[in-house]
Amino acid sequence: MNIKKIALASLATAGLIFLGCKAGQSYGENEIGLRKSTLFSEEVKVTKYDYNGKVAGESELIERAFENAPPMISHSVEDMLPITKENNSCTSCHLPEMAEAVGAISMPKSHFYDFRKKKDLKGQMDENRFNCVICHTTQVNAAPLVENKFAPDFRKENGNAKSNLLDVVNEGVN
């Protein structure tokens with residue numbers, strides 16, 4: 001028998017034994033997930049975070065995490081919830097015609113485009129985008145739960161502050 005075949009068979013056997021030993025390893029209910037408590041109890045100790053609580057216009061903006069990431073909400077939203085189609089306080093400042101006058105960030109063009117029908121809504125906000133907190137979350141002063149070595153690579157100079165999603169959404173699609 002060829003020496004290479006014997007070495008390869010031995011290596012494959014050792015690998016299978018190693019994987020078999022790892023497969024038998026078990027984890028306790030307190031070792032699964034980030035909350036480090038039993039998964040069978042809903043009595044979870046919730047950490048009280050310091051949401052910056054500043055009113056709109058007084059807070060410091062956090063850069064986007066990656067190109068076209070939804071920007072974080074830099075002010076308290078406590079008195080603005082719940083957001084419904086009929087009651088959306090966000091639009092009173094962030095619609096393009098209001099944003100400049102009040103010093104707010106304007107909603108991007110993508111919020112005025114129907115991606116399903118591939119149609120420009122001519123200044124009307126897409127009715128599916130009424131619930132802002134589905135994509136946007138309030139900034140909070142909290143330490144990360146896990147180490148993050150991600151470094152964003154913005155293609156445009158202002159990519160950390162502005163969206164160009166509508167311009168690039170079909171890149172690479174034939």
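## The largest pocket

In this predicted model, the largest pocket holds about 1300 Å³ of space. Of the 46 residues that line this pocket, P71, H94, I105, S106 and H136 are the closest to its centre. A pocket here is an open set of points on a 1 Å grid over the protein atoms alone, where a 1.4 Å probe fits, with protein on both sides within 12 Å along at least five of seven lines, and lining residues have an atom within 4 Å of a point.

The helices α2 (91–94) and α4 (165–168) each supply at least two residues of the lining, and the largest share, three residues, comes from α2; helices are DSSP runs (H or I, at least four residues) numbered from the N terminus.

## The cavity

The structure holds one cavity of 30 Å³ or more, and the largest cavity has a volume of about 40 Å³; a cavity is a set of grid points where the probe fits but cannot get out. Its lining consists of P108, K109, S110, S163, N164, L165, L166 and D167.

## Cysteines

No disulfide (a pair of cysteine sulfur atoms within 2.5 Å) is found in a search of the whole structure. The sulfur of C93 lies 8.8 Å from the closest cysteine sulfur, in C90, which is too far for a bond. C132 is also in no disulfide, the nearest cysteine sulfur, that of C90, being 3.7 Å away.

## Basis of the values

Residues are numbered from 1 along each chain as its sequence is written. Local features need pLDDT of at least 70 and side-chain atom pairs count only at pLDDT 80 or more, whereas totals for chains, interfaces and linings use all residues, and side-chain values use heavy atoms, with hydrogens and water left out.

How values were computed:
Grid points are joined across faces, edges and corners, and a volume is the space filled by probe spheres set on the points.
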